[in-house]
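I opened this entry to look up the overall make-up of the chain first. Then I turned to a few single residues.

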Amino acid sequence: MRIRYETQSGQVAAEIEKGIRTGVFPPGSRLPSIRELAKAFQVSTQVIKSAFKLLTEKRLLASRSRTGVFVNTDGVLPGMKKLILLNETQGPYDLNYLGRVFGLSEGLMIQQGFHVQMRSIPNGPLLPAAFRYELHQIDMEHPDGLVINASTVPAEEIMQIRKRDYPVLFLGDFVHGDIPGLPYDLIRERTEERGAAYIETVREIGCRKICVLGSRPGIDYLRRLLEGIRTRAEKYGIEVLVSDDYPHEHEDREIVQSWKRLIREILEEFRPEALIADGFGHLEPLLTALRELGFSPGRDIQILGDSDCIPGIIMIRSDYSEFVRSAAAVIRRMIEEPGYHCGILEIAGKIRRIPFRLEAV
């Protein structure tokens, strides 16, 4: 017997709803395209459109102009505050700061009454246009709050960003530091504490001479990181060399060669016992370069980082749980108390940093 068209739509809608309820399609996620779903369910595209209509009427789906169909957070998690996190998509070896803070703590944010939805925009020449377009899309969704990675935002955009009918908060640091004369709300960690944690670890493993890699001048986050490193190193009599340079290539073999050139330059004036590579999301080329130069990483030279968990390096793992709880309290107050502003809030003493070394996989 032929299945009626309406029954097909209902069956497909029921399967998609099952996926929503069981987490196959999480709140805020984008569904596959109509053509992809039609192929998966072996039905016509019109059946999928009708199924979408049924689920939209149940408030389980919502359409975003030119972007696709998304699981409607308000329909799936009624009563929860919808928090959108906006970040630029970094290069292949960088990490998403918002993802590391809130993304890895999504369960914790749910406990605080927030549903977190990550959004990314491309880095590079298209960033300003993509940023404005994404803000327009977010405006149409009427979230309860928006958190933006501060390093994403040009200073001239801040006043326009603040003209929203929902609270906007920046997280982290603006690239070149705080912007005087502009009112905005920003939460950041005390970066000096991260620098101090590196030195405490260096001291525990008995190193007296260290080199900090890739500390670009003019970047405010790195300036404060170095301040923490230098202050604590001076306390313990540890020598510090700062190298501003780092490889920019995108091919691993080219990166290895660049690392080798940089390491040779460092060795001409300094013989470090440890290298600090904060914020590098891909350290394997560095380890390869050291081996090719005759070093044994983890033995005759130590590598410390915070993002790449590979054998031989000392990973400084950051536990942001308490930081997130403090930030969530501020965000909730901004949402529930119109007119409340936190200004520039630096949360100190709330991040536990735990060093460990992975010996083998």
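I started with burial: of the 361 residues in the protein chain, 48% are buried. I note here that the model is predicted.

**Whole chain**

I looked up the secondary structure next and found 13 helices and 14 strands. For the extent, I took the box filled by the C-alpha atoms along the principal axes, and it is roughly 80 × 50 × 35 Å. Residues 24 or more positions apart account for 71% of them.

**Surface and charge**

The accessible surface of the protein chain is about 18,000 Å². Carbon and sulfur atoms hold 51% of that surface. I looked up the charges as well: there are 48 positive and 50 negative side chains. The centres of these two sets lie 6 Å apart.

**Negative patch**

Which residues form a negative surface patch? I listed D244, D245, E265, E268 and E269. I picked D244 and traced it to the loop between β9 (239–242) and α11 (252–269). Is D244 buried or partly exposed? Its relative accessible area is 42%, so D244 is partly exposed. That value also clears the cut-off for patch membership, because patch residues need over 30% relative accessible area.

**E156**

I read its relative accessibility as 63%, so E156 counts as exposed. The cut-off for exposed is over 50%. I also checked E156 against L182, 26 residues apart in sequence. Their C-alpha atoms are 9.8 Å apart in space.

Terms used: Residues numbered from 1 in each chain as written. Predicted model: local features only at pLDDT ≥ 70, side-chain atom pairs only at ≥ 80, totals over all residues. Heavy atoms only, no water. Patch = residues over 30% accessible without salt bridge, like charges linked within 9 Å, V, L, I, M, F, W, Y side chains within 5 Å. Areas by Shrake-Rupley, 256 points an atom, 1.4 Å probe, with all protein chains shown as cover. Salt bridge = Lys/Arg side-chain N within 4 Å of Asp/Glu carboxyl O. Lys, Arg positive; Asp, Glu negative; His and termini not counted. Charge placed at Lys NZ, Arg CZ, Asp CG, Glu CD. Helix = DSSP H or I, 4+ residues; strand = E, 2+ residues; numbered from the N terminus. Buried < 20%, exposed > 50% of the residue type's maximum accessible area, 1.4 Å probe, protein only. Contact = heavy atoms within 4.5 Å.
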